[in-house]
Amino acid sequence: MFVSKESIENDTARMVIQPLTQLHDRLKELKEMNHDILHGVDEIYLMAVTLGEFPTSTPLRRYPKGAAEPFSNPD
């Protein structure tokens with residue numbers, strides 16, 4: 001299966017970049033408002049999860065060299 005670079009970039013923006021940007025901007029608003037929900041919060045980890053289909057090619061599905069499993073951190 002061949003997927004164009006433009007298609008991958010558009011899907012990345014739509015399913016990863018835009019949701020993270022939206023979340024970041026909303027958290028920034030809450031911080032600027034000094035909202036109670038953020039009192040006592042030292043760290044926030046942002047992640048995007050989608051139920052959509054994200055096209056990848058076979059090489060992108062392989063484990064990184066030296067990794068025990070997908071997305072593992074050797075540290």
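**Exercise 1. Find the partner of R26, then explain how the two residues sit relative to each other.**

Step 1. Look around R26: R26 forms a salt bridge with E29, and the closest N and O atoms are 2.9 Å apart. A salt bridge here is a side-chain nitrogen of Lys or Arg within 4 Å of a carboxyl oxygen of Asp or Glu.

Step 2. Why can such pairs form? Side chains of opposite charge can pair when their charged atoms come close.

Step 3. Check the positions: R26 and E29 are separated by about one helical turn because they are three residues apart in helix α1. Helices (H or I, at least four residues) and strands (E, at least two) are DSSP runs, numbered from the N terminus.

Residues are numbered from 1 along each chain as its sequence is written, and side-chain values use heavy atoms, with hydrogens and water left out.

**Exercise 2. Say how many salt bridges the whole structure has, and work through the others.**

Step 1. The search of the whole structure finds three salt bridges.

Step 2. Take E9 and K5: their salt bridge has its closest N and O atoms 3.9 Å apart. E9 and K5 are four residues apart in helix α1 (residues 5-32), so about one helical turn separates them. E9 counts as partly exposed at 44% relative accessibility, whereas K5 counts as exposed at 62%.

Step 3. Now D11 and R14, whose side chains meet in a salt bridge of 3.2 Å, N to O. They're three residues apart in helix α1, which means about one helical turn lies between them. D11 is buried, with 13% relative accessibility, but R14 is partly exposed at 48%.

**Exercise 3. Follow the loop between α1 and α2.**

Step 1. Start with N34, which is found in this loop. N34 has a positive phi of about 55 degrees although it is not a glycine. Most residues other than glycine have a negative phi. N34 is also exposed, with a relative accessible area of 53%.

Step 2. Go on to L38, which lies in the loop between α1 and α2 too. Leaving aside neighbours within four places in sequence, L38 is in contact (heavy atoms within 4.5 Å) with L27, L30, K31 and I44. The C-alpha atoms of L38 and L27 are separated by 8.7 Å, and the two residues are 11 residues apart along the chain.

Step 3. Finish at I44, in the loop between α1 and α2 (58-61). I44 is partly exposed at 44% relative accessibility.

**Exercise 4. Sum up the whole protein and decide where to be careful.**

Step 1. Tally the elements: the protein has two helices and zero strands.

Step 2. Buried residues make up 8% of the 75 residues. Among contacts with a separation of 6 or more, 57% come from residues 24 or more positions apart.

Step 3. Check confidence using pLDDT (the predictor's confidence in each residue, from 0 to 100). The mean pLDDT of the protein is 74, and 60% of its residues reach 70 or more. Over residues 71-75 the pLDDT is below 50, and beyond near neighbours in sequence this stretch has one contact in the model. Where pLDDT is low, the predicted coordinates should not be read in detail.

Technical notes. This is a predicted model: local features need pLDDT of at least 70, side-chain atom pairs count only at pLDDT 80 or more; totals for chains, interfaces and linings use all residues. Buried means under 20% relative accessible area, exposed over 50%, partly exposed in between (1.4 Å probe, protein chains only).
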